[in-house]
Structures are given as structure tokens and as C-alpha cells.
There are 2 protein chains.
Amino acid sequence: MGRWPADARERLRRAAVELFVEQGFAATTVPQITERAGLTTRTFFRHFADKREVLFDGDEAPRLAARLVADVPAGVGPVELIATGLHTVAATRFDGRRDEVRVLRGIIRSDAGLAERDLRKRAALAAAMRAALLERGVDGPAAALLAETGVTVLFVAMDEWLDAERERPLGAFVDEALDALRGALARPAG
Amino acid sequence: MGRWPADARERLRRAAVELFVEQGFAATTVPQITERAGLTTRTFFRHFADKREVLFDGDEAPRLAARLVADVPAGVGPVELIATGLHTVAATRFDGRRDEVRVLRGIIRSDAGLAERDLRKRAALAAAMRAALLERGVDGPAAALLAETGVTVLFVAMDEWLDAERERPLGAFVDEALDALRGALARPAG
């Protein structure tokens, strides 16, 4: 695909987010989105399955996670691997977009169906990380635990990042969340 | 409610699970369930909102989590609290029911809508644990991280428990999962 379709995708995305904010997600229709973007509904459906998918970036996160894991040298341990992956995601996909991501979070929280879709997205990301860890020889239960923990750390850190008064890189919040969890678990459980 | 309604609820639940296993979740209707249970659809809808809810126990898990946390003495730390709670859940709600829980897991995995409902159940459980930890004075990010980690440990342990050749108490798998996570996180991340 050339330059124009990519541009159409971004115009549709912006028009949709504007309308979701102005009038709510439920009240917004695909024809309203395409009218604002100056494009046809046919073009819309070439890029997105429905208006919900506009908010979920074609779910490239699982593929991204798999690629990130593949790029890390073989000797790197699983926790370092996850920390490195989360830092790459933070720096390349989130830093500099805080206001926009905060708007997207508000839209997702406003609608039960979107919140459910978001849970599925997180589960898919955890499944991709788990598969990547298994492929590197991490055993089954440890791979499941670390993959879920990585997703937890990312989303807790993201909320802290979005809610912080002063903007700092998301990676700093990832480190703080990982350290907090580590510290809590290092104390005896009973 | 007296003895009869409780009995009706259990008869409906058993009939539904039998039919889900025999002919699939999607193909099973509420009239088929009530016919097998020897009850009316009116009775069915007094107990369950729809056939999906038969599998989710009226979602009492969040209330149970809140009660468990309230029962633990004030001086107990958050990780010990979660470990204690998971042991209570394991012993009172799961041990001795392995075959049945394995059947339920198979049904849930067979249907995308049920799997999604299961994700929402896990999120609700994490939210309840998080609220209970906040109420005990655990700070925001730590409460979120530990609540999500508790849910992760429970469900990873449950898969191990269900897949193990030899039956052991679920609590033993909870301890192993918690130790595995602790061990992995204790090693330096980078």
C-alpha cells in the first residue's frame, strides 16, 4: 500500500477520536466519521472492521512483543527481557503521546464494550509474550507468570504515567512498578 | 430463600453443564436446560440472567475476596494477605472439585464469548482485591500490582492444578507459583 491509504487511515482515526470525545462513542456512527474525514464508508471498512477497532491500532501489540523478544540476545534472562521489551514499547510507542493516550483511555473507560475489548487486547499481549518466553526455553508456569506480570507492570505504569502531574518518560514508571512489585514480593509471605 | 430454590439452582446448573458438554455451549438453549432439570424457564430466569451466567456462579468471587481481606488481622502485610486469601479460596472452593472444574474450564475455552466473560470475571476479582488493599493503607500502584499479581498466581496455579497427573491441593500450586515468580523477580533485571 502506498502513501494515500496510510494517510486515509490516519485521517479516519483522527476524525473518529474527535467525534467520540465530542458526542460519545455509542452515539458516533461510521458515516459521521467518514463525513468528517472527507472519505467514503468503503474506505473506512478497508481500514477498520468497525468503529471499535479504530481505538485498538489493529492490535499490533502481540506481533510487536514477539519481534522485540526475537531481537534480544539469547543469554538475556526472562525478567531482563521483559523489562527491555517494556522500555522499547514505552519509548517508541508512548513517550510524547501522553495527551492523546489519555484521551483514548477516557474513551475506552466510558464504554463497557470497549473496556472488554481492552481486556482481550491485554490477554492477547500476555499470550504473545508467553509464547515468546516458551520459545526461549522458559518453562510453562514461569512463562505464564512472567508474561502476565509484564502486562500488569505495563498497564499499572501507564496509569501512573497518565495521572502524574509532571510528565516523565513512561519507562521510568515501568522501572518504578517493577521495583515496587519486586520489593513487595521480596518480603516474606508468612 | 428456603431449601427448594437452592436445590432448583443446583439442578439447573447440573443440567446445563451436562448439555454444554454433550452438544456444545452455543447449541444449548434455556428450554433444553429446564426440560432436563424438570423445571420451568421462569424458574431458570429467577436464578440466572442467561445460560452464560450458569458457569460464573453469580460472580461471588469479588465479594468473597473483600470478606477474606476483612477477616485478616491488621498487622499482616499485603503479600501474606494475598497468599492467605488464595489458600482459603483454594481449600474452600476448589479442592475436591478438580474433575468438575476441568469440565467447566473446557466449556469456557470452547466459546469466545465465555472466554471474554472469564476475563471480565478476573478483572472484577483484581479490582475487588485492589480496593481491599487500598482500604488497608497499601498505596495505589502497589495495591494494583499486588491485586493483579494475586489473580495471575491463582489462575496460573489453577491451570497447573488441573493439568497435573497426580492430584494435590490447589494451595500447593499457589505456593509454587508465588515462589517461582518471586525467584524470577529476585534475579537482577539488567
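This is a predicted model: local features need pLDDT of at least 70, side-chain atom pairs count only at pLDDT 80 or more; totals for chains, interfaces and linings use all residues.
Student: How do you know that the span of helix H5 of chain B agrees with its number of residues?
Tutor: Helix H5 covers residues 78-94 of chain B, 17 residues.

Student: Which residues of H5(B) are buried, and what covers them?
Tutor: Among them are B:Val79, B:Leu81, B:Ile82, B:Leu86, B:Val89 and B:Phe94. B:Arg93 is on the list too. The cover includes helices H4, H6, H7, H8 and H9 of chain B. Helix H9 (170-186) of chain A also takes part.

Student: What follows H5(B)?
Tutor: B:Gly96, with a positive phi near 90°.

Student: Why is the pair A:Glu22 and A:Arg36 called a salt bridge?
Tutor: The cut-off is a side-chain nitrogen within 4 Å of a carboxyl oxygen. Here N to O is 2.9 Å, so the pair qualifies. A:Glu22 lies in helix H1 and A:Arg36 in helix H2 of chain A, so the bridge ties together parts 14 residues apart in sequence.

Student: Why is A:Glu22 called exposed, and what is A:Arg36 called?
Tutor: Exposed means over 50% relative accessible area. A:Glu22 has 52%, so A:Glu22 counts as exposed. A:Arg36 has 38% and is therefore partly exposed.

Student: Why is B:Arg105 called buried?
Tutor: Buried means under 20%. B:Arg105 has 14% relative accessibility, so B:Arg105 counts as buried.

Student: What does B:Arg105 meet in a salt bridge?
Tutor: The side chain of B:Asp163, at 2.7 Å from N to O. B:Arg105 lies in helix H6 and B:Asp163 in helix H8 of chain B, so this pair ties together parts 58 residues apart in sequence.

Student: Which residues are joined into one network by salt bridges that share partners?
Tutor: A:Glu10, A:Arg13, A:Arg14, A:Arg97 and A:Glu100. One bridge, A:Arg97 with A:Glu100, has its closest N and O atoms 3.2 Å apart. A:Arg97, at 26% relative accessibility, counts as partly exposed. A:Glu100, at 30%, is also partly exposed.

Student: How many salt bridges does the structure hold over all chains?
Tutor: The structure holds 34.

How values were computed: Residues are numbered from 1 along each chain as its sequence is written. Chains are lettered from A and ligands numbered from 1 in the order in which they are written. Side-chain values use heavy atoms; hydrogens and water are left out. Helices (H or I, at least four residues) and strands (E, at least two) are DSSP runs, numbered from the N terminus. The expected span of a helix is 1.5 Å times one less than its number of residues. Buried means under 20% relative accessible area, exposed over 50%, partly exposed in between (1.4 Å probe, protein chains only). Contact means heavy atoms within 4.5 Å.
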